[in-house]
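Hi everyone, and thanks for coming.

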Amino acid sequence: MFGLFKKNKGENKNLIPVDDDQRKWLEHAFMYLCHQFDPDKFRDRKVFTSNDFSGYKFDGDKGEVEKLARQIALIMEINPDDIHLEYFPFGMPEFQQEEDVSNPGGQYLDKDENGKYIIALSEEILKYPEDLIATISHEYGHIKLLGEERLDFNDEYLTDVVPLLFGLGIFSANSSYKFYGWTHSKTGYLTQMDWGYLLALFAFVQEDDSPVWLQYLNKTLQKDF
């Protein structure tokens, strides 16, 4: 579709961190969602960073989580009163997800008897700002696609892209892969390299060659970008 960062002639070094098939999928997913969520608004979409959520205490308090979730709902153009949050202890078998997600932090459970969307969050992530914001945003992506009947089937990878279109991609990107000494954690379905390309695509379509929000990405993602 765009083919923005293909290999230059005479060079062996690939200038894009994802292969060509994945590049095409990412571009089609991005453009599909852009048109789903009002492309006229896209150029003026604010990109949210940690500064926009600095007023919250990420200490596991569920009242704080509820306030944070309301703000994210408004950002993603969802009525917060249509959402009911539930919580589950880490490792509950009924909330395990596919093998390609090693740190499932939430789940979309459709609607309850009162017509509210049920979002279940793992208590394990409540103290981790980027993981929590990324997880809530992803689960709200299900509301935008399934709940608002834009899709009639679940596509976790496409859902992962949804927060990007509402300016919340930094959190999804940074939480996609983290190192902790000799170990790591993975949140979401897309890879760190996928996010590097998606964020570059976001900046390109907004005609922003030097986005100020780049500084809020981790160093490896900045390199992929």
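This is a predicted model: local features need pLDDT of at least 70, side-chain atom pairs count only at pLDDT 80 or more; totals for chains, interfaces and linings use all residues.

The protein chain has 225 residues, and 48% of them are buried. Its secondary structure comes to eight helices and five strands.

Now let's look at helix 4, which runs over residues 129-147. How far apart should its ends be? With 19 residues at 1.5 Å a residue, the helix should span 27 Å, and the end C-alpha atoms are 25 Å apart, which agrees. Is this helix mostly open or enclosed? Of its 19 residues, 16 are buried, so helix 4 is largely enclosed by the rest of the structure. After the helix comes glutamate 149, which has a positive phi, near 60°.

Two packed helices are described by the angle between their axes and the distance between the axes. Helix 4 packs against helix 5, residues 156-165, at an angle of about 105°, and the axes are 8 Å apart. Angles of 65 to 115 degrees count as roughly perpendicular, and the two helices are therefore roughly perpendicular to each other. On the helix 4 side, the contact is made by Ser137, His138, Gly141, His142, Lys144 and Leu145. On the helix 5 side, you'll find Glu156, Leu158, Thr159, Asp160, Val162 and Pro163.

On to the charged pairs. Side chains of opposite charge can pair when their charged atoms come close. How many salt bridges does the structure hold? There are twelve, and I've picked a few to show you.

Let's start in helix 1, residues 20-36, where arginine 23 and aspartate 20 sit three residues apart, about one turn of the helix. An α-helix has 3.6 residues a turn, so residues three or four places apart point the same way. The side chains of arginine 23 and aspartate 20 form a salt bridge, at 2.8 Å from N to O. Arginine 23 is buried, at a relative accessible area of 3%, while aspartate 20 is partly exposed at 37%. Both belong to a network of salt bridges that links Asp20, Arg23, Lys24 and Glu27.

Next, arginine 43 pairs with glutamate 207, and their closest N and O atoms are 3.5 Å apart. Arginine 43 is in the loop between helix 2 and helix 3, and glutamate 207 is in the loop between helix 7 and helix 8, so the pair ties together parts that are 164 residues apart in sequence. Arginine 43 is partly exposed, with 49% relative accessibility, and glutamate 207 is exposed, with 62%.

Last, we have arginine 45 and glutamate 77, a salt bridge with the closest N and O atoms 3.4 Å apart. This pair also links distant parts of the chain: arginine 45 lies in the loop between helix 2 and helix 3, and glutamate 77 in the loop between helix 3 and strand 1, 32 residues apart. Here arginine 45 is buried at 14% relative accessibility, whereas glutamate 77 is partly exposed at 40%.

Conventions. Residues are numbered from 1 along each chain as its sequence is written. Side-chain values use heavy atoms; hydrogens and water are left out. Helices (H or I, at least four residues) and strands (E, at least two) are DSSP runs, numbered from the N terminus. The expected span of a helix is 1.5 Å times one less than its number of residues. Buried means under 20% relative accessible area, exposed over 50%, partly exposed in between (1.4 Å probe, protein chains only). A salt bridge is a side-chain nitrogen of Lys or Arg within 4 Å of a carboxyl oxygen of Asp or Glu. Axes are lines fitted to C-alpha atoms, for helices over the stretch in contact, and angles run from 0 to 180 degrees between N-to-C directions. Angles under 35 degrees count as roughly parallel, over 145 as roughly antiparallel, 65 to 115 as roughly perpendicular and the rest as oblique. Contact means heavy atoms within 4.5 Å.
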